[in-house]
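Here is a short note for a colleague who is opening this model for the first time. Please keep the structure in view while reading the points.

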Amino acid sequence: MYLKNALRAATALTLVTTAAAHAETITIATVNNGDMIRMQGYTDNFTEATGIDVEWVTLEENVLRQRVTTDITTKGGQFDIMTIGMYETPIWGANGWLVPLDGLSEEYDVGDLLPAMAGGLSHEGTLYAAPFYGESSMIMYRTDLMEKAGMEMPEAPTWQFIREAAAAMTDRDNDINGICLRGKAGWGEGGAFITVTANSFGARWFDEDWKPQFDQPEWKDALTFFVDMMNESGPAGYATNGFNENLSLFQQGKCGMWIDATVAASFVTNPDDSTVADKVGFALAPNSEGIDKRANWLWAWALAIPAGTQKEDAAKQFIEWATSKDYIELVAENEGWANVPPGARSSLYENANYKDIPFAQMTLKSILAADPQNCCVKPTPYTGIQFVAIPEFAGIATQVSQEFSAVYAGQQTVEEALEKAQAFTAEEMEAAGY
């Protein structure tokens, strides 16, 4: 079965001769998420078909961002492929730091990539990274605990309903937290989550003159609501919990609800990993009452080639293989359609085998509802939903997220954190010339 798929992939890739490729080894930096780790398990298929060996550097999300950013800005040359996302790709592509992914094979079918994903990974119409999977965020919840609480989850709930349900499902005696959410510092970890939460309360990072908005009431409302809800119904130590920590808690049956990346749905419903696999429901990310914005984001973990690599051809072959329709079928044949990488290709959501997966349509609805051009209730000068698409954002937001995590840990007040965030952001933006 593996060999058949490997040979099919080899044909689609229009490979160079095995003799010429045998000496090649490419090094890939990636994040330690489940889908990426699964991909590593199939790497032998690629090597068998092409003769190209693969070395993996697998890192925690915050560390990955630091390593690849340092490597590409210093032209370190450690990696032939980097796992990056919608924030980095357009900026790095514009700087000439990435190899354009033009000339991909006809069989690859670039036109099948979801427009939101291809658009977010392009600069001036040129694709600079190929989406391995795409995601928004949504609610995953325990149907049994919701029923026990005497409540019913709407398809599009408010934050006020979520807080009430979280309190009703919390059972400290049995180590069940009503809700598990990210508090971990890092612009792409807890920083991303509190940003989309703030969006759904009417907040924004900057006004139209690039002035920081942390001194506005919407940010105070959002952060206060988040802290109060998590103190009431969240797990102890949530200030250090990110995606992987909350995934583990949910799979162990210790969360009534979890709002996070849609890609997590396959892991919480996998009976091999999740003790509550048959008790999970899904709903759209919440909004605050009277606010027409939901707390969902748009993201793709994608594969890109740093400019200057000496192994560009081999790297392109790997990217075509790993983000192809054939790879999706390879995973489906061996692990079931529920476990294929989601959110990247239109054809997946047209596939009869995938349409009946419980979370498939909610994932697509969540992705389609996310609009990077229109993140917030009030107008903004930037694109992006859980990030601001400017080079300075990563450094600023990392610092701001650390201030917020200190609030979650009980080390300072909401007011103190927002005052520091306002001052720091204003200083950095002024220094950058905004």
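**Notes on helices, sheets and loops**

1. H11 and H19 are oblique to each other, because their axes cross at roughly 45 degrees and angles under 35 degrees would be needed for roughly parallel. The model is a predicted one. The two axes come within 10 Å. Helix H11 covers residues 217-233, and helix H19 covers residues 393-408. The crossing of H11 with H19 is right-handed. On the H11 side, Trp219, Leu223, Phe226 and Val227 make the contact. H19 contributes Phe404, Val407 and Tyr408. Which classes of residue does the contact of H11 with H19 have? Seven are nonpolar, with no polar and no charged residues.

2. H11 also meets helix H20, residues 414-431. For H11 and H20, the axes come within 10 Å and cross at roughly 135 degrees. H11 is therefore oblique to H20. This crossing, too, is right-handed. By class, the contact of H11 with H20 holds five nonpolar residues, one polar and two charged.

3. Now the five-stranded sheet. Its order is S2-S1-S3-S11-S6, it is open, and its pairing is mixed. Which strands stand at the edges? They are S2 (53-59) and S6 (130-135). Each has a single partner strand, so one side of each is left without a neighbour in the sheet. On average, neighbouring strands are turned by 15 degrees against each other, direction ignored.

4. Strand S3, residues 81-84, pairs with S1 and with S11. Strands pair through backbone hydrogen bonds, either parallel or antiparallel. S1 (residues 25-31) and S3 run parallel and are joined by two bridges. Alanine 29 has methionine 82 of S3 as its bridge partner. S3 and S11 pair in the antiparallel sense, over three bridges. Here threonine 83 has leucine 303 of S11 as its partner.

5. Look at the faces of S3. In a regular strand, side chains alternate between the two faces of the sheet. Helix H3 (residues 34-41) lies across S1, S2, S3, S6 and S11 (299-304). H3 runs at about 140 degrees to S6.

6. There is also a four-stranded sheet. It is open and mixed, in the order S8-S9-S7-S10. S8 (177-180) and S10 (280-284) are the edge strands, and each pairs on one side only. Neighbouring strands are turned by 20 degrees against each other on average, direction ignored. S8 and S9 (residues 255-261) run parallel, joined by three bridges. Cysteine 180 stands opposite tryptophan 258 in S9. Helix H9 (residues 159-169) packs on this sheet, touching S7 (137-142), S8 and S9. The direction of H9 makes about 140 degrees with that of S9.

7. Leucine 249 deserves a look. This residue lies in helix H12, residues 243-251. Leucine 249 is buried, because its relative accessible area is 17% and buried means under 20%. Its contacts, leaving aside residues up to four places away in sequence, are Cys180, Pro235, Asn241, Lys254 and Cys255. Proline 235 is 14 residues apart from leucine 249 along the chain, and their C-alpha atoms are separated by 9.0 Å.

8. Finally, check two backbone angles. Most residues other than glycine have a negative phi. Lysine 75 has a positive phi of about 55 degrees. This lysine sits in the loop between helix H5 (61-73) and S3. Lysine 75 is exposed, with a relative accessible area of 74%. Aspartate 175 has a positive phi of about 60 degrees. Its place is the loop between H9 and S8. Aspartate 175 is partly exposed, at 42% relative accessible area.

Key:
Residues are numbered from 1 along each chain as its sequence is written. This is a predicted model: local features need pLDDT of at least 70, side-chain atom pairs count only at pLDDT 80 or more; totals for chains, interfaces and linings use all residues. Side-chain values use heavy atoms; hydrogens and water are left out. Two strands pair if DSSP finds at least two bridges between them. Axes are lines fitted to C-alpha atoms, for helices over the stretch in contact, and angles run from 0 to 180 degrees between N-to-C directions. Contact means heavy atoms within 4.5 Å. Angles under 35 degrees count as roughly parallel, over 145 as roughly antiparallel, 65 to 115 as roughly perpendicular and the rest as oblique. A crossing is left-handed if the near helix is turned anticlockwise from the far one by less than a right angle, and right-handed if clockwise. Ala, Val, Leu, Ile, Met, Phe, Trp, Tyr, Cys and Pro count as nonpolar, Asp, Glu, Lys and Arg as charged, and the others, Gly among them, as polar. Buried means under 20% relative accessible area, exposed over 50%, partly exposed in between (1.4 Å probe, protein chains only).
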